[in-house]
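Subject: Handover of a structure and notes on it

Dear colleague,

Please find the structure below, followed by an account of what was found in it. I would be grateful if you would read the notes with the structure open beside them.

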Amino acid sequence: MSSIHPDQATAERLAGLGQVRPHPIPAGSGDGTLIDDPAVRPPLVLNNRSFRDVTDIVCGYVENKPGKWWMPTFMMTATIAGIGGLFILYLVITGIGTWGLNNQVGWAWDITNFVFWIGIGHAGTLISAILCLFKQKWRTAVNRSAEAMTIFAVICAATFPGIHIGRQWMAWFLLPLPNSNWIWPNFQSPLLWDVFAISTYGTVSAMFWYMGMIPDLATLRDRADRRLRAGGEGPVLLPFLPIRIDRIRGYVYGFLAMGWRFSNRHWHRYEAAYLLLAGMSTPLVLSVHSIVSTDFATSILPGWHTTIFPPYFVAGAIFGGFAMVLLLLIPARELYPNMKDLVTKRHIENMAKILLVTGSMVGFAYAMEFFIAWYGANAYEQFAFINRATGPYWWAYWTMISCNVLSPQLFWMKRMRTSAGVVFFVSVLITIGMWFERFVIITTSLNRSFLPGEWHMFFATPVDVMIFVGSFGIFVTLFLLFLRFLPAFPIAEIKAILPQASPHHGHAKGGH
Amino acid sequence: MTHMSASEHVAPECRIPPATGHPALAAGNVTIDAASARSAVRLLLGVGAVGVGLAIAGGFVANGKHALAALLVGNMAVLSICAVAMILTMAFHLVNAGWWAGFRRQIENIATLTPVFGATTVAIAAADYYVLGGSLWGWMGTQYAATDLAYLLEKKSAYLNVPFFFGRAAVYVVVWAILTQVLFRLSRKADAAPDPSLTARARFTSAWGILVGALTVAFASYDWIMGLDFRFFSTMFPVRFFAAGAFAGVAVLVLVLVLLRRRGRLEGVIGAEHYHDLGKLMFAFTVFWAYIAYFEYFLYWYGNIPEETAYFTERATGAWKPFFYALCFGHFAAPFLILIFRGVKRNPRLLTLVALWAVFIHVIDMVFLIRPMVYAGVPAAQNPGLGALWIDIAGAVGMLALFGGLLARRIGSGPLVGVNDPRMTEALEHKNYV
């Protein structure tokens, strides 16, 4: 270290080059981040990466050809999405009688899928906005992909109210638009509040996501531009259409970057706007799923009418959303080069801990519902809950309990919550469990009405199943496109959490 | 703990530099002699004794049930503050917070009083049962035996029976005593010499502790407030109780810190940056309270089932209506609009005013939850109205002063700051950057 001039050392440090040291991995700390000593803040980025490394890694996911797995996976999920789309078309042409609905269960998989997806749509803004307000630096590894996931999940969620109304071409009646018949939506209905809540949430989440990406889009623009200026050969669009891909990148990313020039003023305004959006998104996260819960809780149907629904739905949404983030990121960090440097084992452990907390919260809510159903001494309420656990849908109820309450309890053990494989497996279970939670709430309350003569079971039809499967296809396809064409990590924010960004860097005792 | 040895080889920039020798941690700045706290302790305990004594006297001269309700209002206001301090302590440990190291001891001090005020609740309930034969906790008495409600009581008797009630209460108090003492002793033990493993042990305790703590506080809120009206039930109730205490709990912490700063202590340990973040927490909790209280009311209002709305009809109409609106504005709208300003959160004087208001409105919230039970169903002629207001004031002020006195004694009994907290440097250098 002492062989170079101090000024040069400072210049290199400011450029993020610094001295390359092998990343120390203390024994028993996994990849070097699983250190529980309270006096240590484990590294958030591994392998002593410089600023330039971070730019190269993140831009590389967009600029380089993806692995051989990408195209077949994309084709498969796009096909599933297409098949789902065809089933939606069939539904629109034929009518919602093609679903397994009956007189009693007039609402089943459609609303279940809607609540399932809108719940998943929560974690993105939660990670991004709430963790931003709490100054949790580890958010930078996961926030961008989680925000993207939010948008895609909201798209999937919004499909279901749109198609469940029967005459889908009248869907615009969901909005309070002036019309010659003077027909307005029912402002007293929580279903209408849903329209407002979700469209607001979708808009703000999309703004939050997009605004965060602007500096990174500008980086992609500048890199393409620099390669063009350097001249030479580069990949072209098609063999017979010799337009360089970098030229297209320059235009598209340049358009999307809206003239961002990394100036001090730009950053200043960006940070103020980011904080404001984070502040606004936080109550939105809570409000959306609270409003969704009122779809059920404002009714007086046994099993739906309980006051804990709003916070309980929010906790469940965070729970399901984090599970989905893990489902997407754990394979991604295996498949993309160097992604394990950005998403470390500690990130996975942190998210596993959140799964444990939120899973226990929903467990608490399940228990309180049961207890108050008994304590409230309302015979119908009591029946609704006993019926859930022991009635014809007992298997759905116990699937929900084992997946949502029991499986995350594994994360009390450090070995379990730090193993990517176990966390992935539990996340699969949680995703299943959270779908069943909505199914249990919705269908078990409907299928046993007040008069035994009205009791009907619900049986899903292939149209029910395929539209749901198709929504997964849409979701994963969109996410794959995101990984392929947009910056999957916030480059500047990751640089800010690197040790060399700290003003104390290089001055600490023993640092040299 | 094997992972401790592993951390010896971490990169130096990952290690939080120790704060030993930092001028802000000089002995004179982080200790307060018991003698200088003694006058405050004596005064507050004196006021507390007079207040509680007056309330009890009121019970004999006016109405026993009223006196117990007045004491319970003050008691539950204090208990929720302490219980929230206990839960926040564990939450801070679990998220590996750094910025709280400077006030960690103070929040622990508040938390240690949780079992004390749990025990006083048991005393109030015991007085109700053994002296008054079950009047405030109506289900304990015999007055409903010949009414329509006897059926309901019988249905609930597996939970609402005297031995189980006191048995549960004993469990709550013991659990809180164990939790708060374990955490407090680990914290004090580190004062002797730096030992990060003590913080790691506190984090371990917090993991199971927060689960047990949340469950016991939840059921305590059912038993000690919701159970006063055995007809009422709401799954939201424990969350509502926690939300109420959270706003006032952070406020009490702010008040403690401001008072210590006024005494010339904690200079350089607690400053605008810490007040700013505590102010943000108060802001968040007033919004959280509004969210929870609103939805609890709204869902029952919308459902409009008489057995559920009776509780709110009693509180949102007639004599209690002003309280209903006072809470809407005083517990949410006003603090929201005031705390939204950055300058208020960073200014100790302004934040103190908001914190004092938070404690006051929290007491009003407890009055709103508890007091309507006293004269429910009693002919208006027998309701003394404002004539017996002195009992309420004596009870609430007495319990709050008792809390203040015990807290002041607690604060004076040891160092004000856990100076060897492994993350002290982060707390001392804490900045908001906005």
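In chain B, helices α6 and α8 are roughly antiparallel to each other, because the angle between their axes is over 145 degrees. Please bear in mind throughout that this is a predicted model. The angle itself is roughly 165 degrees, and the two axes come within 8 Å. Here α6 of chain B covers residues 114–130, while α8 of chain B covers residues 162–189. The crossing of these two helices, α6(B) and α8(B), is left-handed. As background, a pair of packed helices is described by the angle and the distance between the two axes.

Returning to chain B, how does the length of helix α15 compare with the span expected at 1.5 Å a residue? This helix runs over residues 348–370, which is 23 residues, and reaches 32 Å from its first C-alpha to its last, close to the expected 33 Å. The N-terminal end of α15(B) is capped by B:Asn347, which has a side-chain oxygen 2.8 Å from the backbone nitrogen of B:Arg349.

In general, most residues other than glycine have a negative phi. B:Leu266, however, has a positive phi near 60 degrees, and B:Asn304, also not a glycine, has a positive phi of about 55 degrees. B:Leu266 sits in the loop between α10 (237–262) and α11 (272–303) of chain B. B:Asn304 belongs to the loop between α11 and α12 (306–316) of chain B. Which of these residues is buried and which is exposed? B:Leu266 is buried, since its relative accessible area is 0%, whereas B:Asn304 counts as exposed because its relative accessibility is 54%, over the 50% cut-off.

A:Ser189 is located in the loop between α5 (143–164) and α6 (190–229) of chain A. Its relative accessible area is 17%, so A:Ser189 is buried. The side chain of A:Ser189 reaches the backbone nitrogen of A:Leu191 at 3.0 Å. A:Ser189 and A:Thr298 are 109 residues apart in sequence, yet their C-alpha atoms are 9.1 Å apart in space.

A:His122 is part of helix α4 of chain A, residues 109–133. With a relative accessible area of 0%, A:His122 is buried. A:His122 and A:Tyr201 are separated by 79 residues in sequence and by 9.5 Å in space, C-alpha to C-alpha.

Finally, a word on cysteines. A disulfide is a covalent bond between the sulfur atoms of two cysteines. How many disulfides does the structure hold over all chains? The count is 0. Two cysteines of chain A may be looked at individually: A:Cys132 is buried because its relative accessible area is 17%, under the 20% cut-off, and A:Cys156 counts as buried at 1% relative accessibility.

Yours sincerely

Technical notes
Residues are numbered from 1 along each chain as its sequence is written. Chains are lettered from A and ligands numbered from 1 in the order in which they are written. This is a predicted model: local features need pLDDT of at least 70, side-chain atom pairs count only at pLDDT 80 or more; totals for chains, interfaces and linings use all residues. Side-chain values use heavy atoms; hydrogens and water are left out. A disulfide is a pair of cysteine sulfur atoms within 2.5 Å. Buried means under 20% relative accessible area, exposed over 50%, partly exposed in between (1.4 Å probe, protein chains only). Helices (H or I, at least four residues) and strands (E, at least two) are DSSP runs, numbered from the N terminus. The expected span of a helix is 1.5 Å times one less than its number of residues. A polar contact is a pair of N or O atoms within 3.5 Å; within protein, one must be able to donate a hydrogen and the other to accept it, and residues adjacent in sequence count only if both atoms are side-chain atoms. Axes are lines fitted to C-alpha atoms, for helices over the stretch in contact, and angles run from 0 to 180 degrees between N-to-C directions. Angles under 35 degrees count as roughly parallel, over 145 as roughly antiparallel, 65 to 115 as roughly perpendicular and the rest as oblique. A crossing is left-handed if the near helix is turned anticlockwise from the far one by less than a right angle, and right-handed if clockwise.
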